[in-house]
Amino acid sequence: MRHIKSYFSLMIMAAAALVSSCSDNFDTPPLMVPQASRTANISIADFKAKYWQDAVNYIDTVREDLVVAGRVISSDASGNIYKSLVIQDETGALSISLNGNSLYNTYRIGQEVVISLKDIWVGKYNSLQQLGYPEYYEKGGVWEATFLPLETFQDHAELNGLPAPAEIDTIPATIAGLSTDAAGLRKWQSQLVRFDDVKFSDADGKNTFVTGDATTNRTIEDAGGNSIVVRTSNYSTFKDNLLPLGYGSVVGILSYYGSNASNGTWQLLLRSADDCIDFSTDFSGVESNPWTVEKAISLQNTGREGWVSGYIVGAVAPEVTAVKSNADIEWTAPTTLGTTLVIGPTADCTDYTKCLVVALPQGTPFRTQANLADKALTASPETRVLPTNSASRWLPAALPASKRASTRLCLPTGPTCRSKATRLGSKPLSATTDMLQ
């Protein structure tokens, strides 16, 4: 019995010692902040200019003791940017083609990287200037800059300090302002840019960033119809996301691709789905799920655009510049003028405050087929107006409304006039080439 007691006593003492050791508060290891041993002696812009060649593909070796420094503006975390690292200083941005994956684990956005360029290669790959590794393209008979071994890059690159994303500059840009002369290419290639007030041309509530199993080009366009490709990898984490609706801002790395000197195009590479900003998350108002007339009226002057379903109930009367009452609408057809349609929520609506007015642009099939000056309002099956020009859109005026109708329409509509417009009262009605089909 004494032996048993002694045994239990030893167990209790051991357990107490274990608890005591587990409760010790060890000091937190100090945070190791990387410190580069070199400092930059040339800016990115000056380096790019110094080693620039107009050729579509070339390779050169840096023989001088040059050092650049910049903060990381790219990320391959989403899988959309492939084997590439991009840094930026206050003068420009520089791409590095690297034979490595998951670069974001080491080179996080905002991390300063100092690169010793001596004995590193610089050149172009299909018009994009970048650091890379020499490769001979036999079919074209040219040297080009392709994937630099990661180990080689690490021998020349040092981290300096901790990531500071707030130090990154996102450059406001316009699509029309992207020049393609040598100076423009050096300035804009690889920059982190932001395009404001743009829309995805293919956004319809059904199209996703990627179609099928292949890298897909989508297009964003501004109010003037200027457009640029948004290129998305089928390996990206957001490939199945629906294209954002309406107008917003798009941020990305500005790349450039051209297999010869005359066919180069700008391409925008998103770092993640978060690079699409202030777009609508409401996927109503698409052709397959149009707004009601009441909903469309409530969305005027909000920046939204979309499809609206309603009934033709009349047209604006002659010499009316501002619809202020039901008397300003001709409710029966044929009407005197064939330049407008009044769309109501029901076929017998007579309250102008509940309806929309749309213009019938001169010289378009839409006016020819839909105007009420040439036809009466008679019962007919549902009819849809389908857009044939994605740069145009209908601007409904929450002006008058009207009476009998029987034809149901689906009209693209938006609260801001983005093309040459005629004015009815204080509400602009956008010209378009949409057709009644």
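Figure 1. Of the contacts (heavy atoms within 4.5 Å) between residues at least 6 apart in sequence, 70% join residues at least 24 apart. Residues are numbered from 1 along each chain as its sequence is written, and side-chain values use heavy atoms, without hydrogens and water. Because the model is predicted, local features need pLDDT of at least 70 and side-chain atom pairs count only at pLDDT 80 or more, while totals for chains, interfaces and linings use all residues.

**Figure 2. The largest nonpolar core.** A nonpolar core is a set of buried Ala, Val, Leu, Ile, Met, Phe, Trp, Tyr and Cys residues joined through side-chain atoms within 4.5 Å. The largest has 25 residues, and F47, I115 and F153 have the most contacts inside it. At least two residues of this core come from each of α2 (44-50), β2 (67-72), β3, β4, β5 (112-116) and α3 (150-156). β4 gives the largest share, three residues.

**Figure 3. Surroundings of F153.** Leaving aside residues up to four places away in sequence, F153 touches L85, I96, L98, Y107, V113, I115 and L148.

**Figure 4. A cis peptide bond at P334.** The bond joining A333 and P334 is cis, with omega of about 5°. P334 lies in the loop between β20 (329-330) and β21 (340-344). Most peptide bonds are trans.

**Figure 5. Positive phi at S102.** S102 is not a glycine, yet its phi is positive, about 50°. This residue sits in the loop between β4 and β5. S102 is partly exposed, with a relative accessible area of 40%.

**Figure 6. Positive phi at N126.** N126, also not a glycine, has a positive phi of about 50°. The loop between β6 (121-125) and β7 holds N126. N126 is buried, at a relative accessible area of 12%. Most residues other than glycine have a negative phi.

Definitions and conventions. Buried < 20%, exposed > 50% of the residue type's maximum accessible area, 1.4 Å probe, protein only. Helix = DSSP H or I, 4+ residues; strand = E, 2+ residues; numbered from the N terminus.
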